[in-house]
Amino acid sequence: MTVPVVFFGIFFAYPVAAIVGRGLRQDGAWQFGALGEVLGDPDIGQVLWFTLWQALASTGLILVVAMPAAYVFARLEFPGKSLLRAVVTVPFVLPTVVVGTAFLALLGRGGLLDDLWGLRLDTTVWAILLAHVFFNYAVVVRTVGGLWAQLDPRQEEAARMLGASRFRAWRTVTLPALGPAVAAAALMVFLFTFTSFGVVQILGGPGFATLEVEIYRQTAQLLDLPTAAVLTLVQFAAVGAILAVHAWTVRRRESALSLVDAAYAVRRVRGTGQRILLGFVLATVAVLILLPLGVLVERALDAPGGYGLGYFRALMSADGGAFLVPPIDAVANSLQYAAVATLIALLVGGLAAAALTRRAGPFTRGFDALLMLPLGVSAVTVGFGFLIALDRPPLDLRASWILVPLAQALVGVPFVVRTMLPVLRAVDSRLREAAAVLGASPWRAWREVDLPLVRRALLVAAGFAFAVSLGEFGATVFIARPDNPTLPVAVARLLGRAGDLNYGQAMALSTILMIVCVVSLLLLERVRPLSRGAGTAGALD
Amino acid sequence: MPIARNAARTALVACAGLFAVTACGSGDGADEAQSKQVTLVTHDSFNVSKDVLAEFKKKTGYTVKVLKSGDAGQAVNQAVLSKGNPQGDVLFGVDNTLLSRAVDNGVFAPYEAKGLDRVPAEYQLDAEKHRVTPVDTGDICVNYDKSYFADKKLDPPRTFEDLADPKYKNLLVTENVATSSPGLGFLLGTAAEFGDEGWQDYWKKLKANGVKVVEGWEQAYNEEFSGSAGGKKAGGDRPLVVSYASSPPVEVLYADPQPDEAPTGVLTDTCFRQIEFAGLLDGAKNPEGGKKLLDFLIGKTFQEDLPLQMFVRPVADDAKLPKLFTEFGAEADRARSLEPEKIAENREVWVKSWTSLVVK
């Protein structure tokens with residue numbers, strides 16, 4: 001518990017408190033005048049309302065679209081499954097300016113919908129919602145699917161045997177068991193869309209603004225810290241309310257579940273129902289995820305003088321134009337940062353999840369909520385907070401590279417906690433006790449009982465943390481950092497320049513980012529170093 | 001419970017190890033190395049050739065460490081927030097739209113750079129106190145798609161008024177002034193042209209004439225503009241875009257093969273001039289190195305490296321422009337400008353009224 005508390009204290013609570021405090025304290029006295037002034041502004045009310053409802057609508061939409069996918073990926077066996085599961089995570093790592101481009105190609109002028117039906121969705125709220133589905137699809141598939149894959153199918157089968165219809169068996173047996181994971185996924189998606197920035201700006205246009213956009217403007221552009229501080233508090237209040245609702249729903253649901261090895265629960269596709277479901281999921285993935293990604297790849301290959309690898313070759317050249325180093329070096333930078341960030345996130349998040357499983361009480365619940373806050377707080381607030389809080393020895397980290405992975409880990413930890421916690425809580429404590437009775441040391445009991453059961457969750461969590469770090473752009477860009485750009489930063493820099501080669505290289509680099517993401521996730525799924533996986537199901541039988 | 005505690009202890013050790021590494025990393029070893037290093041804080045668009053930095057090191061013995069953070073506004077705001085205990089020694093990238101904020105907040109220590117006599121007086125906006133040194137200029141101007149106007153046998157517009165002419169209806173795309181620097185520059189240009197009150201009437205006319213506003217330069221130039229490489233692929237259908245005077249040469253430079261003529265042109269009578277400054281940060285750990293760096297920034301080597309690295313124009317009058325600029329670049333025709341104090345005073349109000357006028 002100590003490590004996560006210290007980590008969050010130093011790298012989140014303190015910087016954020018410092019920047020908010022700076023805004024509210026002028027000339028040595030607290031100034032709350034700004035509070036009434038900002039809150040009384042009808043424009044701000046409107047922004048808050050829009051932020052809330054688009055986040056709720058996005059979350060609902062994503063759950064509807066992605067829940068079948070969570071089932072399909074968890075329970076059905078079909079060719080190319082692990083590749084596809086990695087691919088649906090790709091949107092997560094792509095910079096929003098790039099995704100904006102792809103979505104405009106689908107929804108905007110001359111896009112697919114425009115061609116087919118003369119329908120244009122850019123600058124409508126639909127474009128924003130669809131892009132949110134695109135980005136967060138994997139959150140549901142991975143979080144819910146991670147638990148679903150391990151639920152013992154025999155319980156549902158038993159209910160069927162006792163005469164329940166397929167749907168009733170699912171509703172009364174499986175859904176309650178999945179509850180915590182669904183709630184966790186919904187919470188993360190909500191927080192992500194609540195703080196949505198690039199998507200809203202690019203696809204919605206200047207007519208739409210979220211709280212996040214407003215905070216960015218006040219902090220990064222106008223340097224109106226009092227207003228920014230009030231808005232940050234408003235953001236806190238809204239996120240806090242949601243976290244309270246989440247904690248309340250989950251507390252009544254979480255219970256020990258019968259978990260099995262994922263390989264044991266997976267089935268071949270059988271019957272019309274499952275075929276239709278699989279078809280629906282594959283079609284959604286194709287239209288919503290593969291198509292936009294395909295547009296980017298197409299543009300990366302569309303080099304002058306015919307399709308080819310011209311832009312990729314340009315990336316290798318030392319005089320990359322926008323860089324002192326070949327842009328391809330950004331791949332190595334990104335991988336290094338992401339690896340460090342993943343380690344930090346797994347360490348902090350894993351310990352936090354372990355502590356939260358074993359303890360109860362208001363303090364624990366409060367800490368659980370605190371861990372989620374970084375997802376709901378503006379990246380610019382954290383970035384500027386780092387600047388004024390971590391500025392004196394021994395913690396003068398402002399010019400250090402470690403700040404980048406630290407900021408990335410801050411966003412990764414909530415994912416680790418939320419994927420680990422439902423599974424950890426589902427582990428029957430009697431198994432541990434039995435091991436102890438049989439003479440196992442606590443460490444051995446953990447290794448032989450907990451670890452095999454949570455191994456899958458751990459890998460899912462690691463995948464998340466890695467993907468989040470790979471794609472993190474917000475906080476990274478607000479931190480002053482030595483000139484070794486990460487992939488998203490490099491893409492943004494190339495897109496910031498005119499000229500065919502820059503545009504093409506930006507698309508090529510985005511394609512490389514996708515490939516790096518897919519390959520890393522596939523490799524991660526192959527990691528099986530921790531004890532004999534198949535033994536688990538046997539032990540439970 | 002003991003399990004958790006054990007794990008926590010292991011983790012704590014690991015964490016402590018991590019911080020030890022970090023501390024070493026950030027300190028860059030001994031103080032000796034530090035005194036031979038000068039830190040330049042700047043924005044993400046900063047760029048310089050390797051050999052130019054190598055020359056600085058050869059001349060002065062100092063290695064330059066570059067710290068980048070966000071756009072120019074963010075870099076300046078960070079400097080204001082860390083006033084007195086700055087992140088580096090020199091800040092580069094304060095332009096005239098941000099100058100007052102930086103200077104009034106006491107971010108800079110005065111220093112008169114050597115060789116300033118080669119810089120025209122019009123760029124020296126702090127000539128009395130020398131808290132900032134002008135380094136480069138860039139013009140924000142409307143660009144046009146040459147082939148569109150040739151195909152339509154239509155003369156491209158020339159002035160601000162022309163842009164509001166129904167002949168050019170639905171042709172212009174610009175950026176959100178609230179978040180985009182070229183967008184703001186264009187607004188300031190119209191304010192300089194039509195006056196504090198007059199610009200609102202002008203924008204009403206622009207709106208009636210179908211001006212499209214998108215979020216940032218990337219969307220305007222790479223998506224909506226029909227003349228750029230990206231816009232062609234994305235099916236952009238606006239032949240007029242708010243961009244930079246240097247955009248046409250950049251289009252040429254990054255085309256393969258390079259064309260004989262730039263595909264886009266500049267409306268030279270619609271420009272707003274940005275001047276970029278650098279200054280010695282107050283409280284710098286290495287003020288001596290910082291001063292040397294400032295001298296170097298307006299020295300001939302760096303000044304001649306600027307155009308092809310950041311696509312701006314040098315301020316020193318002995319710096320020669322590269323062929324790319326003289327051949328494909330355009331010279332602004334009486335570029336508009338406003339005093340930094342005036343911009344600081346009106347910026348927020350103007351952005352607000354522009355937003356309710358044009359976007360809502």
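In this predicted model, the interface between the two chains involves 64 residues of chain B in contact with 62 residues of chain A. On the chain B side, helix α1 (residues 2-27) is the top contributor, giving 14 residues to the face that touches chain A. Sorted by class, that face of chain B comes out as 27 nonpolar, 24 polar and 13 charged residues.

Strand β5 of chain A, residues 481-482, is joined by two bridges to strand β2 of chain B, residues 63-68. The two strands run antiparallel. Within this pairing, R481(A) finds its bridge partner in β2(B) at K68(B).

Next comes the layout of chain B itself. Its domain assignment gives two domains, each made of two stretches of sequence: domain 1 takes in 29-138 and 275-325, while domain 2 takes in 139-273 and 331-355. Between the C-alpha centres of domain 1 and domain 2 of chain B there are 28 Å. How many residues of each domain are in contact with the other? In chain B, 15 residues of domain 1 touch 15 residues of domain 2. On the domain 1 side, the elements of chain B that supply two or more residues are α5 (99-104), β5 (133-145) and α14 (323-328). Of these, α5(B) gives the most, with three residues. The make-up of this side of domain 1 of chain B is eight nonpolar, five polar and two charged residues.

Over in chain A, there's a helix pair worth a look. For helix α9 (residues 166-194) and helix α19 (residues 403-426) of chain A, the angle is about 170° and the axes lie 9 Å apart. Because angles over 145 degrees count as roughly antiparallel, α9(A) is roughly antiparallel to α19(A). As for handedness, α9(A) and α19(A) cross in the right-handed sense.

Which residues make the contact between α9(A) and α19(A)? From α9(A) come P180(A), A181(A), A184(A) and M188(A), and these meet P414(A), F415(A), R418(A) and P422(A) from α19(A). In terms of class, the contact of α9(A) with α19(A) counts seven nonpolar residues and one charged residue, with no polar ones.

Notes. Residues are numbered from 1 along each chain as its sequence is written. Chains are lettered from A and ligands numbered from 1 in the order in which they are written. This is a predicted model: local features need pLDDT of at least 70, side-chain atom pairs count only at pLDDT 80 or more; totals for chains, interfaces and linings use all residues. Two residues are in contact if their C-beta atoms, placed from the backbone, lie within 7 Å. Helices (H or I, at least four residues) and strands (E, at least two) are DSSP runs, numbered from the N terminus. Ala, Val, Leu, Ile, Met, Phe, Trp, Tyr, Cys and Pro count as nonpolar, Asp, Glu, Lys and Arg as charged, and the others, Gly among them, as polar. Two strands pair if DSSP finds at least two bridges between them. Domain bounds come from an automatic or database domain assignment. Axes are lines fitted to C-alpha atoms, for helices over the stretch in contact, and angles run from 0 to 180 degrees between N-to-C directions. Angles under 35 degrees count as roughly parallel, over 145 as roughly antiparallel, 65 to 115 as roughly perpendicular and the rest as oblique. A crossing is left-handed if the near helix is turned anticlockwise from the far one by less than a right angle, and right-handed if clockwise.
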